[in-house]
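Let's take a friendly walk through a protein model, looking at charged pairs and at nonpolar side chains. Have the picture ready as you read.

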Amino acid sequence: QEWFLGKALYDEESTIIHHYAFAENPTVFKFPDFAAGWALSIPLVNKLAKMLKSEPLKSDFTIDLKHEIALYIWQKGEGPHLTPVPEFCTDDVNSYKVDHCATTFSNFLPLCGEPVNKEDVFVAVKTCRKFHGDRIAVVKQTWEREAALIEYYSDFADISIPTIDLGIPNTDRGHCGKTFAILERFLNHTSPRIPWLVVVDDDTLISIFRLRKLLSCYDPNEPVFLGERYGYGLGTGGYSYITGGGGMVFSRTAVQKLLASKCRCYSMDAPDDMVLGMCFSGLGIPITHSPLFHQARPMDYPKDYLSHQIPVSFHKHWNINPVKVYFTWLASNTEESHNGKKVGYNREDL
């Protein structure tokens with residue numbers, strides 16, 4: 001028989017990351033938590049392989065693979081739904097709950113050595129004049145103190161923040177011109193000893209403390225482009241890209257190779273993250289995905305999915321208190337580990 005098994009996740013409300021699927025009642029559609037493992041019976045594998053051979057994937061954007069795979073298997077009701085199996089677990093191996101579990105999941109922040117130094121991470125914040133008062137105020141109340149090296153890039157020089165006017169007019173969307181100006185400034189006007197650049201939006205909430213731990217796992221002498229990976233036209237020869245709102249992390253080597261290539265924006269308001277993905281794809285430099293970066297808000301993800309994560313970033317201030325979100329989900333004093341094990345969070349329903 002055709003079986004699709006796993007630990008079931010579902011959206012409590014319709015969300016942009018799933019293209020507002022099942023808007024009337026998103027809880028009806030279940031999709032697997034990959035961290036628990038998932039299983040397909042061989043008859044289903046054979047059916048899917050046959051489908052893929054006969055008809056290429058049509059999706060333009062690949063945003064959340066686990067949801068999109070479940071939709072593909074479901075085939076608008078012609079294929080199987082996910083069958084929830086309680087033995088697929090994401091509890092820690094040391095938890096008292098795991099006696100019945102076939103799978104467990106170690107929920108820790110990757111650490112491959114000493115966290116990189118504060119002074120090794122340069123943070124560039126993209127903003128514009130109309131957001132100086134509200135969004136930059138949130139950055140200063142939350143994560144700015146974690147960054148040793150930070151600059152705010154705007155269309156207006158405001159000495160009270162301070163912001164730097166790059167001479168690039170603000171665009172309503174895309175911001176490709178501004179982002180490439182930031183890359184060039186990083187390469188030409190910062191110390192060549194600074195190995196890492198992080199580019200974030202003014203409504204990105206990020207833990208620089210956790211990012212420094214994560215970066216211990218990567219070699220800045222390699223061309224590293226790190227963040228949350230999305231895809232465009234992957235079934236028809238497209239490319240992957242790092243979605244900008246969750247934060248884009250570049251090694252200096254990656255910036256050097258990119259700017260040496262002469263690959264540039266096709267317009268000033270082109271989508272910067274997609275152009276960067278196209279450029280790096282053309283250079284043969286792979287995108288490095290981390291599920292700890294998030295393009296959306298905590299409320300846009302299933303609670304069960306986030307419960308076994310130590311997130312690095314979230315994005316957007318829509319209908320939330322962003323300061324509260326930061327201190328609940330990202331502030332280092334809410335998460336510090338004890339003897340290598342994660343301490344529980346006091347998380348509210350945000």
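## Charged pairs and nonpolar cores

Asp201 and Lys126 are both buried. This is a predicted model. The side chains of Asp201 and Lys126 meet in a salt bridge, at 3.3 Å from N to O. That pair links distant parts of the chain: Asp201 is in strand E10 (residues 196-201) and Lys126 in strand E7 (residues 121-126), 75 residues apart. Asp272 joins Lys126 and Asp201 in a network of salt bridges.

Side chains of opposite charge can pair when their charged atoms come close. A search of the whole structure finds 12 salt bridges, including these:

| Salt bridge | N to O distance |
|---|---|
| Asp201 and Lys126 | 3.3 Å |
| Arg264 and Glu184 | 3.7 Å |
| Asp300 and Arg297 | 3.0 Å |

Is Asp300 buried or exposed? Asp300 counts as buried because its relative accessibility is 8%, under the 20% cut-off. Arg297 is buried too, with a relative accessible area of 9%. By contrast, Arg264 counts as partly exposed at 32%, and Glu184 is partly exposed at 33%.

Now for the nonpolar side chains. Which residues touch the most other members of the largest nonpolar core? Among its 58 residues, they are Val123, Trp143, Ile206, Leu211, Leu215 and Val249. Helix H9 (residues 322-329) gives this core its largest share, four residues. At least three residues come from each of domain 1 (4-100) and domain 2 (118-289). Apart from this core lies another, of 26 residues, among them Cys176 and Val199.

On the surface, Ile16, Tyr20 and Trp318 form a nonpolar patch.

Notes. Residues are numbered from 1 along each chain as its sequence is written. This is a predicted model: local features need pLDDT of at least 70, side-chain atom pairs count only at pLDDT 80 or more; totals for chains, interfaces and linings use all residues. Side-chain values use heavy atoms; hydrogens and water are left out. Patches are made of residues with over 30% relative accessible area and no salt bridge: like charges are joined within 9 Å, nonpolar side chains (Val, Leu, Ile, Met, Phe, Trp, Tyr) within 5 Å. Accessible areas come from the Shrake-Rupley method with a 1.4 Å probe; for residues, only the protein chains shown count as cover. A salt bridge is a side-chain nitrogen of Lys or Arg within 4 Å of a carboxyl oxygen of Asp or Glu. A nonpolar core is a set of buried Ala, Val, Leu, Ile, Met, Phe, Trp, Tyr and Cys residues joined through side-chain atoms within 4.5 Å. Buried means under 20% relative accessible area, exposed over 50%, partly exposed in between (1.4 Å probe, protein chains only). Helices (H or I, at least four residues) and strands (E, at least two) are DSSP runs, numbered from the N terminus. Domain bounds come from an automatic or database domain assignment.
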